[in-house]
Amino acid sequence: MECEWKPDEQGLQQILQLLKESQSPDTSTQRSVQQRLEQLNQYPDFNNYLIFVLTKLKSEDEPTRSLSGLILKNNVKAHYQNFPNGVSDFIKSECLQNIGDSSPLIRATVGILITTIASKGELQNWPELLPKLCQLLDSEDYNTCEGAFGALQKICEDSAEILDSDMLDRPLNIMIPKFLQFFKHSSPKIRSHAIACVNQFIISRTQALMLHIDPFIENLFALATDDEPEVRKNVCRALVMLLEVRLDRLLPHMHNIIEYMLQRTQDQDENVALEACEFWLTLAEQPVCKEVLCGHLSQLTPVLVNGMKYSEIDIILLKGDIEEDEAIPDNEQDIRPRFHRSRTVAQQHEGDGIEEEEDEDDELDDDDTISDWNLRKCSAAALDVLANVFRDDLLLHILPLLKELLFHPEWVVKESGILVLGAIAEGCMQGMIPYLPELIPHLIQCLSDKKALVRSITCWTLSRYAHWVVSQPPDIYLKPLMTELLKRILDSNKRVQEAACSAFATLEEEACTELVPYLAFILDTLVFAFSKYQHKNLLILYDAIGTLADSVGHHLNKPEYIQMLMPPLIQKWNQLKDEDKDLFPLLECLSSVATALQSGFLPYCEPVYQRCVNLVQKTLAQAMLHQSQPDQYEAPDKDFMIVALDLLSGLAEGLGGTIEQLVARSNILTLMYQCMQDKMPEVRQSSFALLGDLTKACFQHVKPCIADFMPILGTNLNPELISVCNNATWAIGEISIQMGPEMQPYIAMVLHQLVEIINRPNTPKTLLENTAITIGRLGYVCPQEVAPMLQQFIRPWCTSLRNIRDNEEKDSAFRGICTMISVNPGGVVQDFIFFCDAVASWVNPKDDLRDMFYKILHGFKNQVGEDNWRRFSDQFPMPLKERLATFYGV
């Protein structure tokens, strides 16, 4: 630069004044500061002033200088591309000159600024940055070395990918060997930076690091017992990542590494212990886990169990000494955002209820208010996964410890024992069964322990054994458990209320109709909780009520139950404003209730329906405004629309044809036409589910729109978006049943995609089943159009439908396949054994469908002749042979 930039004294004072004011706790002052900062951004050299205060104005106090740098960082993030060249050059050179400032705070701020500029794509346009920082590492001056390392660590964190690309001529080939030299530096802070830098490149298996993997591991071992906790923490973190990507290199040392990690998991410094504890979680995912760890289980088990106790600080943070807090309103910040899971249409399977994705809801979230992840949770999660690896072998080591813990006089110890029992429930269930008749009553007693934290963890642990409880005679365990859990739902402690509500929802899912005899008692409790609960737990209560409705279904449709349940729900519904996110769980809950009550929901139907339509309309209108004038209007939260569409689906499903007048009097189909074309996949997913449900409930209103809807459905048969594709496929099937032969003009829009999906490897089960059903239904109504392709889909079609229960959808799909076989018998010849197997999967087909099967089987047998048929049927597995002989005489 020709001449050094100098600030104008008056401008400088003005900016210092602003920086001082922005540290004021008063929100209105803060707001005006924000506005003035925005205005100052109009001046090109405003950013020069900010860097000047950070690096040159040593007379100012450090917090003010640092703040100036952080404001500059935000400007870089937002407007860097508009900085004039002179300004950005000035900032860059000031950063590099002051990375060694004597103040750790200022060094860190300069480092943050450097990485922010670097990640704005400036690593390419700042070629001297990395060489300069690497050169500064060799400085005799500690501050310079530490500052440069701090900046490099941040750059490695933020720009790891680009550092390992050809764009920069692969600087890591020089940097990584350089970092490794500093593992033995005399300063703990610098050793720690050096490991942290290299750690950024483990997971991505960066070539430059893989070339030096052995010296890296040797250096890690050399630092294993470093005095500095931060260094030990980074060593542990490195070993955990290496376990994932370079197990081959650790295996020769595995015995020593495990011994080392056992010590570190008991480190005095909790951050080190937590990093080390992650090792067990990662090891459990490796196939070698059983082999390398079995000899250490007797040492590891007590260490993990010990880590599961609440620390003193946990108890303080959890206000564990406050037993009654039900009257204290919730702090709104503590309420986690809830995410609505959009509706996915799935098939019923043999031997179970509805096929759901595995819900991970019973994770160990017993103390979600502490810094989310801590040693207690990590230890419990590790025990959980190890129980799944070692199964009952783990009990040898756990049971002796458990006896002592569960009956311990100190509540903290007893509480950890109950957590252990819950953590091993999934993996060690078989081996635990002999002890459960004694343990479950003991746990039910613990539900009335005087410590709230013991009561809450007991709720969770009991929910992990709900499956077993439900399998026993109800009077022995289910009834006492339910009675006590319902009392806990009305506990005077909010954490216990929450744990009890969640546990009860799990129990409902397991017990289903077993709960019917106790419905009055259950509803009594849940409705009473409405008047008692603070904000956060109300949201969980909605879930418990929705799950109850899903579990007992039409048994809920009794006037006395409706009288208890509906008034409080509708009262909440009327209190909530349209923009209140509490509508989500309430709408989900009402959707389940409407589906269960069916005609019983009629009296409440109209206002609920209207409001849902309004929510959809409002959201769409807001989205249009935002699109045309993004500066004027905010983007809407589309979750409101998604939840509303899902509740409308619930109403259509529950009320069937009676929803017809409501649909007739509203513009829902026009709105759906827009939703089906929304950019957001979840909106389309829910609108296709609603389309299918309305098609079943009142097709007369849907039919006029079919010509508009079908092309949209065709373009959404993209298996990359599984749930969207699944619901679109299902809706096409429902539409074809209603359209009959009039479906013919639309077959070409969808058939090729469906055949492609059913032949795709790794397609999820639910999508395969719905695709097969829809292909069958299209063939049922338009056999001439679909049958020619029979050979291309018959095999996956048969294998995907053999596991579904007998139901209407399966019935229409098989009628379709039989009709297509009669049109194109040659299409099935090569895969006839698969057809036989699919036919045998029917338990009770309707008589005329059974006749269709009979004709095809006997037709084929007569066609090939007795000898060939015998040779063919000798390939059948025995059960298949027997079933076909018994039911169809072949």
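Predicted model: local features only at pLDDT ≥ 70, side-chain atom pairs only at ≥ 80, totals over all residues.
Residues are numbered from 1 along each chain as its sequence is written, and side-chain values use heavy atoms, with hydrogens and water left out.

The protein contains 50 helices and zero strands; helices (H or I, at least four residues) and strands (E, at least two) are DSSP runs numbered from the N terminus. Its C-alpha atoms fill a box of roughly 95 × 65 × 65 Å along the principal axes. Of the 890 residues, 57% count as buried, where buried means under 20% relative accessible area, exposed over 50% and partly exposed in between (1.4 Å probe, protein chains only). A contact means heavy atoms within 4.5 Å. Among contacts between residues at least 6 apart in sequence, 75% join residues at least 24 apart.

Asp101 lies in the loop between helix H5 (85–98) and helix H6 (104–125). Its relative accessible area is 5%, so Asp101 is buried. The side chain of Asp101 makes a polar contact of 3.0 Å with that of Arg65. Such a contact is a pair of N or O atoms within 3.5 Å; within protein, one must be able to donate a hydrogen and the other to accept it, and residues adjacent in sequence count only if both atoms are side-chain atoms. Leaving aside residues up to four places away in sequence, Asp101 touches Lys58, Arg65, Ile106, Arg107 and Asn143.

Angles under 35 degrees count as roughly parallel, over 145 as roughly antiparallel, 65 to 115 as roughly perpendicular and the rest as oblique. A crossing is left-handed if the near helix is turned anticlockwise from the far one by less than a right angle, and right-handed if clockwise. For residue classes, Ala, Val, Leu, Ile, Met, Phe, Trp, Tyr, Cys and Pro count as nonpolar, Asp, Glu, Lys and Arg as charged, and the others, Gly among them, as polar.

The axes of helix H29 (residues 494–511) and helix H31 (residues 535–552) come within 9 Å and cross at roughly 15 degrees. The two helices are therefore roughly parallel, and the crossing of H29 and H31 is left-handed. Residues in this contact include Cys501 and Ala505 of H29, together with Ile540 and Leu541 of H31. By class, the contact of H29 with H31 has six nonpolar, five polar and six charged residues.

Cys512 lies in the loop between H29 and H30. Its phi is near 45 degrees, a positive value in a residue other than glycine, and at 31% relative accessibility Cys512 counts as partly exposed.

Helix H30 (residues 519–532) pairs with helix H32 (residues 559–575); their axes come within 10 Å and cross at roughly 20 degrees. H30 and H32 are therefore roughly parallel to each other, with a left-handed crossing. Leu519, Ala520, Leu523, Asp524, Val527 and Phe530 of H30 meet Tyr561, Met564, Leu565, Pro568, Leu569 and Lys572 of H32. The residues of this contact comprise 10 nonpolar, no polar and two charged.

Helix H35 (residues 639–655) packs with helix H38 (residues 681–697) at an angle of about 20 degrees, with their axes 9 Å apart. H35 is therefore roughly parallel to H38. This crossing, too, is left-handed. Among the residues that meet are Met641, Ile642 and Leu645 in H35 and Val683, Leu690 and Leu694 in H38. The contact of H35 with H38 has 10 nonpolar, three polar and four charged residues.

Phi of Asn762 is near 65 degrees, a positive value in a residue other than glycine, and its relative accessibility of 78% makes Asn762 exposed. Lys765 lies in helix H43 (residues 765–781) and is partly exposed, with a relative accessible area of 43%.

Helix H47 (residues 832–840) is largely enclosed by the rest of the structure, because seven of its nine residues are buried. Among the buried residues of H47 are Phe832, Phe835 and Val839. The buried residues of H47 pack against helix H45 (790–801), helix H46 (808–823), helix H48 (847–864), helix H49 (866–873) and helix H50 (878–888).

Notes
Axes fitted to C-alpha atoms, helices over the stretch in contact; angles between N-to-C directions.
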